[in-house]
Amino acid sequence: MALLDQGQRISAVLGPTNTGKTYLAIERMLGHRTGMMGFPLRLLARENYDRVVRVVGARHVALVTGEEKIIPPTARYFLCTVESMPLDRPVEFLAVDEIQLCADQERGYMFTDRLLHARGMSETMFLGADTMRSIIRTLVPDAEFIARPRFSKLSYAGQKKLSRIQRRSAVVAFTANDVYAIAEQIRRHRGGAAIVLGALSPRTRNAQVAMYQAGEVDFLVATDAIGMGLNMDINHVAFWRHIKFDGYRNRNLTIQEIAQIAGRAGRHMSDGTFGTLAEQSAFPPEVVEAIEEHRFDRVRAVWWRNAELQFKSIKTLLNGLDSPPPDPVLMRTQDAQDHAALKSLSGDETIAALAQTPDTVRLLWEVCQIPDFRKTMPEVHVRLLTRIFRHLCRQDGTLPADWVAAQLTQLERTDGDIDTLMARIAHIRTWTYISHRVDWLEDSVHWQERARGIEDQLSDALHERLTQRFVDRRSAALVRSRGKEHLVVDIDQDKVVYVEGEHVGRLDGLCFSADADGSGVTGRQIAAAAKRALVGEIRRRVEAMENDPDDAFDVTEEGSIRWQDSLVARLARGGDVLCPHIEVPASDILPVALRQRVTARLQALLGRMVGSVMVPLMRLDQAGLQGAARGVAFQLREGLGSVLRASAQQQIAALSASDRKALWANGVRIGVETIFMPALLKPKALRMRALLWNASHQVSGCTPPAPGLVSAIRDQKAPDEFYAAIGYRVISDRVVRIDIVDRVALSLMELSRKGPFELPREVAAMLGMGNDQAVLVAAALGYERSGDEGLFERVRRRHGPRHEGKQTRQHLGRKNKGRSSGTGDPNSPFARLADLRLPS
């Protein structure tokens, strides 16, 4: 693109959905002699291509996407996907739609590149959400901002049952299985629904939308694919879930995402509503308010990737892709699909041997940019790229016609179910993309027509299957199941339960959850039939749990007991801290007798686990201790293996020499700060103590420091009592293992006998922390700096642990620093040494 001239204008048109931003941009483009617009979706590029063609005629308009290129010789206006914008072609006007996608983790770097570098010779326009204002102001300081208010009002309508949502509504889910299940329910009770999924081809999607727009069905069931550019007569948007899988993890929807989808309701001047289905929780008031008033958090950083690549070698290319961003608001994208493919291919010695020149390295990079529409396992796509690159490195530099023909022929089939057809469409889209690389194929036009013809056939077949399943098909399976004693029940690998082929819910461990969209008589009958049929499966699972070894179970740090990757019980507070109660989740299909068997099996499992780790503590019960020693053992049991010395001072004072010897023999150490059992300070024991404390206090998420650490930064969410129970002392913002605290306390006592002292570096090393943090530990143990030299001295007799920041400074005898600290002085810090007894 041309550099910015004095006469160029850059504007950012920002606002919520339904503000006419795209319409404005097209009007501005048609006011120039030439222009180009980049859209986030092939569907949107095609939709706006058709709109501009109707205005100026097909010979003046080009469509450029990865899978479709229509470029007349006299084309003046180019409608493109953002990735396919031909930026080497100068145009007077240039616009990029949905610029907020700069923050999208997968594709954001391409939008950021257009924001930074794509310019029209006279005018440039960026369209999107107002959340991008500060980013655009930072990266494009010359941009002027144009705010666009929403034409219509968007209001929250609360929760509604699926059976009660109004006509002309869209229900939004985030998995294909959920979309199918919802559409089935609507079909049974409301006549049918159109389907919109991101995996549909534009032809299939347009056919489904046309069916909805024509009034053949009154409901639309879709994924968040409707969030961009599908302008339909939708009055209400109902959310089926608040959670989506974004390609990396399951997460809650952001407010901006909810608003983008909800904004499909009430197009142009017609008001719209949004809400949730009654089976799901309502949106919080603050979320509703933000959406209705269009107030969203600003985007603070966007994804970026170096576009100035060098092709001297594969290593040079990879180094260029790994270049750090030049601005703090830019985040380097993490291994995009093409980058990951390049890394994989570069590890192939045969590929590396072929890519030895700048031209072949550039070719390899172009091959890596072939999109994987199938979203299969990465190695499957890499194998395809490997074959393509090897073919292109032949002497003629093209793909063999017979090989390409074989690839297309195996996709030229319209049999199979919905998922099969969608998989074939995804595969043919990859070949459609390849067919538009005119330098890779002889007679590329032929292959383009062939690929497009196959995609159209598959798309038509898919539309037919969707219509048959979600509009015309009757509930034959349910009718056939009436009166049957034995129903056909299938459970797939995702724990989804099918009765007579109908999806009815999930069986997770021993708990069955009916499909949340099972409203109405039909849904209740199928769910009831599933529960009746699952009794045998539940009995089989209980017997398997009884026969499986202990290592088939996993007790998590959160207190859950899992079996075969399913939750089967939780730990709860018991009568004894060492014996938590087993709580099996309630389930209608688990009879009382079977529940009791499960509880007994898991109680035995837990008893063996606790006994194997906490055996030193349990042995104290059989040690025959008496009197004060028995009292110390009781406090140790309650404290899971440790107790503050100050809390047991009365028992310690009453211990006889034989008592002390008996405690020592049973692994108990009486320190100057804490009474503890060293065997229970090992990593495995610390994890068990944390688990038992969490269960006893009915909390989760409190975890011990990493194994091997004698000190660590404290988790502010975990209370002091938790750390005391697992053998750590809280000091300021850190925690220190109690045996180390005792060693340090003894060292400081020894040093203080000679008067004020300088804190040795060995103390910090012993604590596993820096000297500044070690000073806080010394302060917590009752030592304080004094004088100009900053030496430490004992300032008071301590009566228990204290935290740095809470202590009361007591200057005891500052003028008598040199006095003797014999045992006759009750305020001497060495008075405690009189309590120590070592075994003979």
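Predicted model: local features only at pLDDT ≥ 70, side-chain atom pairs only at ≥ 80, totals over all residues.
Residues are numbered from 1 along each chain as its sequence is written, and side-chain values use heavy atoms, with hydrogens and water left out. Local features need pLDDT of at least 70 and side-chain atom pairs count only at pLDDT 80 or more, while totals for chains, interfaces and linings use all residues.

Me: How is α19 oriented relative to α24, given an angle of about 135°?
Reply: Helix α19 covers residues 592-613 and helix α24 residues 683-697, and their axes are 9 Å apart. Angles run from 0 to 180 degrees between N-to-C directions; under 35 degrees counts as roughly parallel, over 145 as roughly antiparallel, 65 to 115 as roughly perpendicular and the rest as oblique. The two helices, α19 and α24, are therefore oblique.

Me: Which residues of α19 and α24 make the contact?
Reply: Contact means heavy atoms within 4.5 Å. From α24 come K684, A685, M688 and L692, and from α19 come M609, V610 and V613.

Me: How is α10 oriented relative to α13?
Reply: Helix α10 (residues 337-346) packs on helix α13 (residues 378-392) with axes 10 Å apart and an angle of about 70°. That makes α10, relative to α13, roughly perpendicular.

Me: Which residues of α13 does α10 meet?
Reply: The residues of this contact divide into four nonpolar, four polar and no charged. On the α10 side are Q337, A341, S344 and L345; their partners in α13 are H381, V382, L385 and T386.

Me: Within what arc do the buried residues of α1 fall?
Reply: In helix α1 (residues 21-30), K21, A25, I26 and M29 are buried, that is, under 20% relative accessible area with a 1.4 Å probe, protein chains only. The arc is that of the directions from the helix axis to the C-beta atoms. Seen down the axis of α1, the buried residues line one face of the helix, because they fall within an arc of 130°.

Me: Is S566 buried or exposed?
Reply: S566 lies in strand β25 (residues 566-576). Neighbours within four places in sequence aside, S566 is in contact with K495, D508, G509 and I561. Its relative accessibility is 4%, so S566 counts as buried.

Conventions
Helix = DSSP H or I, 4+ residues; strand = E, 2+ residues; numbered from the N terminus. Buried < 20%, exposed > 50% of the residue type's maximum accessible area, 1.4 Å probe, protein only. Nonpolar A, V, L, I, M, F, W, Y, C, P; charged D, E, K, R; others polar.
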